[in-house]
Amino acid sequence: MNNKGANWMGKMHEGGPIVPLLITLFLIVIVFVIERLLTITKALGKGNIADFVRKVQYHLANKNVDAALQECDKQQGSVANVMKAGLRKYKEMIGNSELDTEQKVLTIQKEVEEATALELPMLEKNLVFLSTIASVATLIGLLGTVIGMIRAFSSLGEGGSGGSSAANDLAKGISEALYNTALGIGTSAVSIIMYNVFTTRIDSITYGIDESGFTLTQSFASNYK
């Protein structure tokens with residue numbers, strides 16, 4: 001184990017001064033991926049979002065707001081949080097005799113928009129770091145590659161007629177360039193893939209939230225004219 005650790009540290013040293021920076025970026029990506037994975041998994045809630053919305057629509061069609069609220073408590077995701085806020089206002093508007101139907105619908109819609117404004121920033125938090133690292137890691141890796149190639153050809157030029165020393169220096173320079181290339185591309189690839197995965201999941205949650213708001217306003221407008 002000690003020899004393997006020493007070999008690994010030695011290879012990292014061969015990669016030059018840029019390698020520790022690339023490793024740091026890779027570790028940052030891993031931390032943000034784990035953090036976003038936990039947050040977005042929680043935001044998705046329990047069960048399928050589309051099924052949840054259909055159940056709420058069914059209960060609202062039967063004018064059973066309490067049952068719809070119970071479905072929100074079971075789902076426990078971001079869509080359910082927004083829907084629950086809207087349903088509470090929905091229930092409040094049923095007993096309101098001061099506003100007309102259009103005003104009540106606008107009040108429900110406003111409540112949904114306010115709840116949405118609280119949920120979406122939490123979902124998108126830290127994604128900007130993943131997108132930034134995806135671009136920067138490639139450039140930093142390219143910088144390390146260029147530095148390694150400069151060292152390789154410099155050692156070749158200084159070697160004169162050649163020899164084993166010049167060949168070793170050339171190999172080290174090329175090795176440094178390849179370490180940087182591999183780390184830069186690897187870090188960037190992980191960042192891009194996970195960024196796309198998270199944005200796709202966030203889009204599905206956002207769509208569910210939009211559908212929830214539409215469901216509430218349309219249901220109230222049709223049931224309590």
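Okay, one cut-off before anything else: partly exposed, here, is the range between buried, under 20% relative accessible area, and exposed, over 50%. We'll need that for Phe129, which at a relative accessible area of 42% is partly exposed. And keep in mind that what you have up there is a predicted model.

Let's do the aromatics. How many aromatic pairs does the count come to? Two. A pair of rings gets described by the distance of the centres and the angle of the planes, and I'll give you both each time.

Pair one is Phe32 with Phe129, and they're stacked: the centres sit 5.0 Å from each other, with 10 degrees between the planes. Phe32 belongs to helix H2, residues 18-44, while Phe129 belongs to helix H7, residues 127-158, so this contact ties together parts of the chain that are 97 residues apart in sequence. Phe32 is buried, its relative accessible area being 17%, so it falls below the 20% limit. Phe129, as I said, is partly exposed at 42%.

Pair two is Tyr90 and Phe220. This one is edge-to-face, with 5.2 Å centre to centre and 90 degrees between the planes. Again we're linking distant parts of the chain: Tyr90 is in helix H5, residues 78-94, and Phe220 is in helix H8, residues 164-223, which puts them 130 residues apart. As for burial, Tyr90 has 0% relative accessibility and counts as buried. Phe220 is buried too, also with 0%.

Start in helix H3, residues 49-61. Arg54 and Asp51 are three residues apart there, so about one helical turn separates them. Their side chains meet in a salt bridge, N to O at 2.2 Å. Both partners are partly exposed: Arg54 has 49% relative accessibility, and Asp51 has 34%.

Next, a bridge that goes from helix to helix. The side chains of Asp66 and Lys91 meet with 2.6 Å from N to O. Asp66 is in helix H4, residues 65-75, and Lys91 is in helix H5, so here the pair links distant parts of the chain, 25 residues apart. Asp66 is partly exposed, with a relative accessible area of 39%, and Lys91 is partly exposed at 41%.

Glu92 and Lys89 form a salt bridge at 3.5 Å, N to O. What separates these two along the helix? About one helical turn, because they're three residues apart in H5. Look at the accessibilities here: Glu92 is partly exposed at 46%, but Lys89 is buried, with a relative accessible area of 18%.

Last stop, back to H2, the helix that holds Phe32. There's a nonpolar surface patch of about 450 Å², made by Phe26, Leu27, Ile30, Ile34 and Leu38. Take Ile30, which is found in helix H2. Ile30 is partly exposed, with 32% relative accessible area.

Note on methods: Residues numbered from 1 in each chain as written. Predicted model: local features only at pLDDT ≥ 70, side-chain atom pairs only at ≥ 80, totals over all residues. Heavy atoms only, no water. Phe/Tyr/Trp six-rings, centres within 6.5 Å; stacked < 30°, edge-to-face > 60°. Helix = DSSP H or I, 4+ residues; strand = E, 2+ residues; numbered from the N terminus. Buried < 20%, exposed > 50% of the residue type's maximum accessible area, 1.4 Å probe, protein only. Salt bridge = Lys/Arg side-chain N within 4 Å of Asp/Glu carboxyl O. Patch = residues over 30% accessible without salt bridge, like charges linked within 9 Å, V, L, I, M, F, W, Y side chains within 5 Å. Areas by Shrake-Rupley, 256 points an atom, 1.4 Å probe, with all protein chains shown as cover.
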